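Trainee: Please take me through one part of this structure in detail. I would like to look at the ligand site and what surrounds it.

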Amino acid sequence: MTENTTNNNQGTEKKPDKTIKPRFNTNWIFAVLAVSLILFSLLNGGKPVQKTTTSEIKEMIANRDIEKLIVINKDQAEIYLKKEALESGRYPKLPTKPGTGFGMSLPKANFTYTIGDMSSFEPFILEAQKSAGYTEKELIYPDYQTRKNYLVDALSWLLFPALLIVLWLFLMKRMSGGGAGGAGGIFSVGKSRAQIFDKDTNVKLTFNDVAGLEEAKTEVMEIVDFLKNPKKYTSLGGKIPKGALLIGPPGTGKTMLAKAVAGEANVPFFSISGSDFVEMFVGVGASRVRDLFKQAKEKAPCIVFIDEIDAVGRARGRNANFGSNDERENTLNQLLTEMDGFGTNMGVIILAATNRADILDRALLRAGRFDRQIHVELPDLTEREAIFKVHLRPIKLEKGFDIGFMAKQTPGFSGADIANVCNESALIAARKNKTVVEKQDFLDAIDRIVGGLERKSKIISMVEKKTIAYHEAGHATVSWHLEHASPLFKVTIIPRGKTLGAAWYLPEERQLTTREQILDEMAYALGGRASEELIFGKISTGALSDLEKITKQAYAMVSFFGMSEKIGNISFYDSSGQSDFGFTKPYSEKTAELIDQEVNLIIAESYVRAKEVLKNNIKGLTELAELLLEKEVIFSEDLERIFGKRKADLLKEERKAEAKSKQTEAVTETATPEKTVKKSKTKDKA
Ligand code: ADP
Ligand code: ZN
């Protein structure tokens, strides 16, 4: 049971997938290893030697073909044949010349023989020779050699460290989050993760694509001019600014604006998020900053855009009790050094975005760094209309679609939210097999984005439903009868997301809020609970978010806005966010007590006011609640039918009528002297 007035959905950003290619890739290591292995085995072996059998050996002996016999490692025998034997034609499969290893001068065995039983091998050879009629002198005895296979040895030596290295590389990749970014690994941990848009990537965004934001645009327009005609400024001795900070809530088009600057100036655009600098390895952030600036200087003139700069730029030395993050500080220091380091007229301009300018380190905002601050606020009515126009371009609309109405329905929406509404409405229309997107689809899309998906299936008992209906009717009734309440346009008891029901207001576009307006807001926020108490004599937990809101408001009134007489015109608000008031209050115990008292008083008074209004309109309240139970959703027209015109509208009309009558009086008053003047003039002429 909340009052939904505004909402901020974070925009989903589209990022191109082109990243800067790392110059070194781990795959190279594996390639080099593989190539050297192949070469090694070629050098070592060449063609494998033919195997032979016991009977063949006997035959060789009988033919007296064997030159020598070498037993290797006690299990292999190498047989070398005589030159004449090879030339004799008895061994057609063998080359006629003694084989040599690939590029080596050592002679190669012609046959190998696998020895089954070592102890019987030598007797067998000698026996065979003797039976072939060899004399004692002619007898060939096997030589014994132990030979190392260096390849196997080397491999077994290498295997373990290689495994370790592979494991380490894998872990590095995982830790640096490189998995998603593609090839990178340990050799690019220190490289910046910036995405670059230049002439090759067709991301052409101009100021035409950015709707509204006129002031911000004029400010950045200057930057475009700096980049386009640097001479114009430098020849007069001026210095081109180094950076500008775009400040504003998420989804308001900061990234878009920065991209548009690059697009308009026709220069490369580097985009990186502040959180990309933050890594668990010491020194990585700083080295990434260094790399980013190196790349940027190479591409100058260009624009570097750092999104969410608060991730690195948070004020240093705070939260000391939680152990400060040295790594982040190093990164920030590096950023500051780099910004000081490059010359003013290098043509590199840094744009950074944040929605928390208050927590940024003062050093970042100093002149010569981000010396310009451009505020990008949530769009107002006309700006929303312009943004709708941009995002409705690709959408097939029904005839006579009212864009102005859509803009009115979306107070507090950011540009990203509006883009989302347009897309969502097209999806909803498609789901209903429509050929064009209709107004109702947009309303459904807005509902969905504001409140999450409808949960009609959520089971609510009749008793609960009645409580919710009276609660919401209470809000509506009170707000209808208060002068400064925001105009109500819809009340629903359809559960959505976490809320069970909601009263929707169109907040006025205003920069200042008066005490009366806050008090009225508090009164109608309490209207829900007051109605429950009045009708059922029981209160429920349904008022949680209402109470949370008014408590915050009341404390803000007393301790921030100086709106309580007893405390006076004092504000304990800290816009710098630099002092840790969370731990030590800047006021005495006595003041603290006084603040609590004042807050209690304000809330109690508001509750009484709300109840008063409800008591006076109890018939309308019941009618409204019953209508809600029946229809689930009601609009301002229904309220007007029940209660008549809204108090605020009535007063407005009254005032207008009053002013009119005063004006006519004023006219009649001034009429006479004017006439006399004219008369005198005519007299002169005459
Ligand atoms: P931020 O960087 O402020 O969080 P983005 O620039 O990423 O916001 O905006 C997100 C999306 O919202 C954009 O891609 C665009 O579709 C839409 N958008 C935001 N502001 C505007 C605007 N003024 N005009 C048109 N579209 C906008
Ligand atoms: Zn409520």
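Mentor: Here is a walk around the site of ligand 1. Bear in mind that this is a predicted model.

Start with the shell. It holds 17 residues around ligand 1. Ala211, Gly251, Lys254, Thr255 and His391 come closest. By class, the shell has 8 nonpolar, 6 polar and 3 charged residues.

Now see where the shell comes from. Three helices each supply at least two of its residues: α9 (254-265), α14 (381-392) and α16 (415-431). Next, the domains. Domain 2 covers 188-317 + 326-375, and domain 3 covers 381-450. Both give residues to the shell, so ligand 1 lies between them.

Turn to the polar contacts. Thr255, already listed among the closest residues, uses its side chain. One of its polar side-chain atoms sits 2.4 Å from an oxygen atom of ligand 1. The backbone takes part too. A polar backbone atom of Gly253 is 3.1 Å from an oxygen atom of the ligand. For Thr252, a polar backbone atom is 3.3 Å from a ligand oxygen. How much of ligand 1 does the protein bury? Taken alone, ligand 1 exposes 560 Å², and the protein buries 89% of that.

To sum up the site: ligand 1 lies between domain 2 and domain 3.

Key
Residues numbered from 1 in each chain as written. Chains lettered and ligands numbered in written order. Predicted model: local features only at pLDDT ≥ 70, side-chain atom pairs only at ≥ 80, totals over all residues. Heavy atoms only, no water. Near = heavy atom within 4 Å. Polar contact = N/O pair within 3.5 Å; in protein donor to acceptor, adjacent residues only side chain to side chain. Areas by Shrake-Rupley, 256 points an atom, 1.4 Å probe, with all protein chains shown as cover. Helix = DSSP H or I, 4+ residues; strand = E, 2+ residues; numbered from the N terminus. Nonpolar A, V, L, I, M, F, W, Y, C, P; charged D, E, K, R; others polar. Domains from an automatic or database assignment.
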